[in-house]
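Colleague: I'd like to learn how to read a structure like this one. Could you walk me through it?

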Amino acid sequence: MAPLLDIRNLTVEFDTPEGTVHAVNSLSYSVEAGETLGIVGESGSGKSVHILAMMGLLPMPPGRIVSGEAWFDGQNLMDMSDRELRAVRGGQIGMVFQDPMSSLNPVLTVGRQLREVLVRHTDLTGTKLRARMIELLEIVGIPHPEARLDQYPHEFSGGMRQRVMIAIGMACNPRLLVADEATTALDVTVQAQILDLVRQLKQDFGTTVLWITHDMGVVAELADTIQVMYGGRIMERGPVSPVFRTPHSAYTHGLLKSLPDEGARAQRRLYQINGSPPNMANPPKGDPFAPRNPYATERCLNEVPPLRDVGDVPGHKVAAWYDLPALLAQENEVAK
Amino acid sequence: MLGFVLRRLGESLLAVWGVVTIVFFVTRILGDPAALLLPIGASAQDIDALRAQLGLDQPLMLQYVQFLVKAVQGDFGTSFQHGRDAMQVVLERLPATATLALTAIALGLVIGGIAGSIAALKRGKTIEFIVMTFALLGQATPVFWLGIMLILFFGVNLGWLPTGGYGTLSHLILPAFTLAVFVSASIARLLRSSMLEILQEDYIRTAKAKGLLRHTVFVWHVARNALIPVVTMTAILTGELLGGSVVTETVFSWPGIGRLIIQAIEAKDFPVIQAGITLIAVIFVLINFLVDLLYGVLDPRIRSAR
Ligand SMILES: Nc1ncnc2c1ncn2[C@@H]1O[C@H](COP(=O)(O)OP(=O)(O)OP(=O)(O)O)[C@@H](O)[C@H]1O
Ligand SMILES: [Mg+2]
């Protein structure tokens, strides 16, 4: 079966006074129908930009889509006219953005902002429309939905606004739900509730989910597949548990070490990856992570590694010239 | 909400009182109207008699208190020049000023609204540059110069429109257009910058992500928010124009409040000056009050803060 979403060779640049920023570099990946893909990576790794580019929401200028295709359900989003794309957005592809504080229009009621998307993509009218709006707020766990519809965003807490955003994103039963750091601004309990909600959605509607986050813990909880991005490229990708158990990229390894494990949770001491993210206006020549990578070889600094199969687990791929499990095993030997 | 209205009402009264007081004392600095009102060579006795008749021989503070007591009742005294109730004289000029001001504001809103929207939506295109150049020119051009040029061209050279005066629609066209140039230029510039700011907002991205039609995004998300500062500016401009656009009214011999007050100042017609300025202050304060109420309608965050 063809994947629901297939991104091929997507390259996005920004023209800035400091020069050309290479935000996304020939990115290719696919998501199967019903799959939940968790995308992680430090700030600036191209997570948001590639989604915006795919959805025709990239500010152009300064942004520029240099090349690429994004096949959704057999159609290339990149070839679509503005009009065709508008029919897909909000309908077949629902989106939830980070920062619930600024993502809702302050002068329109929440009900109105929810109604807009339903009126645009469904045939619902009158009492049926209102019933669906109330149902949606109920699904995302907003108490007293009837009264809440007539309120304005500033009358909602951050967590409640994020729920509204999710209700808008899933309003038209999209086949693909894209959430870009949808829970980052929320406290842990609210975040847990929202993750439950998404799991419920997947169960009930078989929604395909693309969940972008900084939080490896969220990926572990929610995703089937993890995709680690750095410098606008995929560093590693694969089914969640094998990647967590045996990371093959030093960057994934670093991210996992920075996740507080059971024992260290009490101390809350986070492992920090040394160095800072690359300047994408002047990116490293080879593996973008090489300058910060203690395991980097001469080749890493000069040549971009291709994404290759790791071997033992189907779908587990890494972009690295070095063999991380072997290197880690060696380290362990020495330590003993 | 009631508390808000009462507070604003109190502030408004205070503001009007302040203006009236300042005008009263500044007017007294202008000099002695009695000398002006009598023919040249009038005797000192005649002047003194007239001053006593006008109440100008009394101590200043007493005059001020008497003035206030009467002003509260709407009595601003009798015009020295016209020999009639001063407020009456001023109010007779209000229709002319209001016609000119409201026409100019309406024209300016339409032209400025369209121009500002085009400039914001066509950012970086040639059309934005052209629109903004005209807007800058429109804001920078002195009103008297523009007025005179229009009179020379359409009134004198082409003979299409009257060079001045009041009464018919054709009399209104040139002065209204002259003022509308400034108004529309100011509104276009403000609306453009306001829209460019709103276009960056996250909720615009949300609206687009919902797949909304382009005009829905523009009307309900961009324009609806960008309008809020424009309302303030429109109110200020309306207040200014309703106070009489002195230069335009003078250039086009338009019998409005602005021209009346200038004439009253020249003639040291204290009652008319005071009545005129008080009326302007009241109009200004009233408009500001209405704008505050309108703000609550436009912005729910302000409404619930009250
Ligand atoms: N409007 C813009 N102008 C210039 N550069 C931009 C713009 N938007 C994004 N970029 C650049 O593109 C790169 C990728 O940004 P992107 O927002 O995709 O990162 P991200 O992975 O989503 O990060 P975060 O986790 O902080 O959201 C960054 O280097 C960023 O500086
Ligand atoms: Mg992002």
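Colleague: Let's start where the chains meet. How much area is buried between chain B and chain A?

Modeller: One thing before that: this is a predicted model. As for the general idea, the size of an interface is often given as the accessible area lost when the parts come together. Here chain B and chain A bury about 2200 Å² between them, and carbon and sulfur atoms give 57% of that. On the chain B side, R205(B), A209(B) and K210(B) lose the most area to chain A, together 27% of what that side buries.

Colleague: And how many residues of each chain are in contact?

Modeller: Chain B brings 23 residues, and they touch 27 residues of chain A.

Colleague: How many salt bridges does the rule find across the interface of chain B and chain A?

Modeller: Two of them. Take D82(A) and R214(B): their side chains meet in a salt bridge, with 3.9 Å from N to O. That distance just has to fall within the 4 Å cut-off. The rule also finds 13 residue pairs in polar contact across this interface.

Colleague: Which elements of chain B give two or more residues to the side that touches chain A?

Modeller: Those are helix 9 (202-209), helix 10 (214-242) and helix 14 (300-305) of chain B. Helix 10 of chain B gives the largest share, seven residues. By type, that side of chain B has eight nonpolar, six polar and nine charged residues.

Colleague: Now for a sheet. In what order do the eight strands of the open sheet in chain A lie?

Modeller: Read across the sheet, the order is 6-7-8-3-9-10-12-11, and the pairing is mixed. Strand 6 (93-96) and strand 11 (308-309) of chain A are the edges, each pairing on one side only.

Colleague: Do strand 6 and strand 7 of chain A run parallel or antiparallel?

Modeller: They run parallel, joined by four bridges, with strand 7 of chain A covering residues 176-180. V96(A), for example, stands opposite A179(A) in strand 7 of chain A. Helix 6 (residues 158-170) of chain A packs on the sheet there and touches both strand 6 and strand 7 of chain A. The direction of helix 6 makes about 170 degrees with that of strand 6 of chain A.

Colleague: Back to salt bridges: how many turn up over all chains?

Modeller: A search of the whole structure finds 19. One to look at joins R199(A) and D196(A), whose closest N and O atoms are 2.8 Å apart.

Colleague: By how much of helix 7 of chain A are R199(A) and D196(A) separated?

Modeller: By about one helical turn, because they are three residues apart in helix 7 (residues 188-205) of chain A.

Technical notes. Residues numbered from 1 in each chain as written. Chains lettered and ligands numbered in written order. Predicted model: local features only at pLDDT ≥ 70, side-chain atom pairs only at ≥ 80, totals over all residues. Heavy atoms only, no water. Contact = heavy atoms within 4.5 Å. Buried area = accessible area lost by both parts, 1.4 Å probe. Polar contact = N/O pair within 3.5 Å; in protein donor to acceptor, adjacent residues only side chain to side chain. Nonpolar A, V, L, I, M, F, W, Y, C, P; charged D, E, K, R; others polar. Pairing = 2+ DSSP bridges. Axes fitted to C-alpha atoms, helices over the stretch in contact; angles between N-to-C directions.
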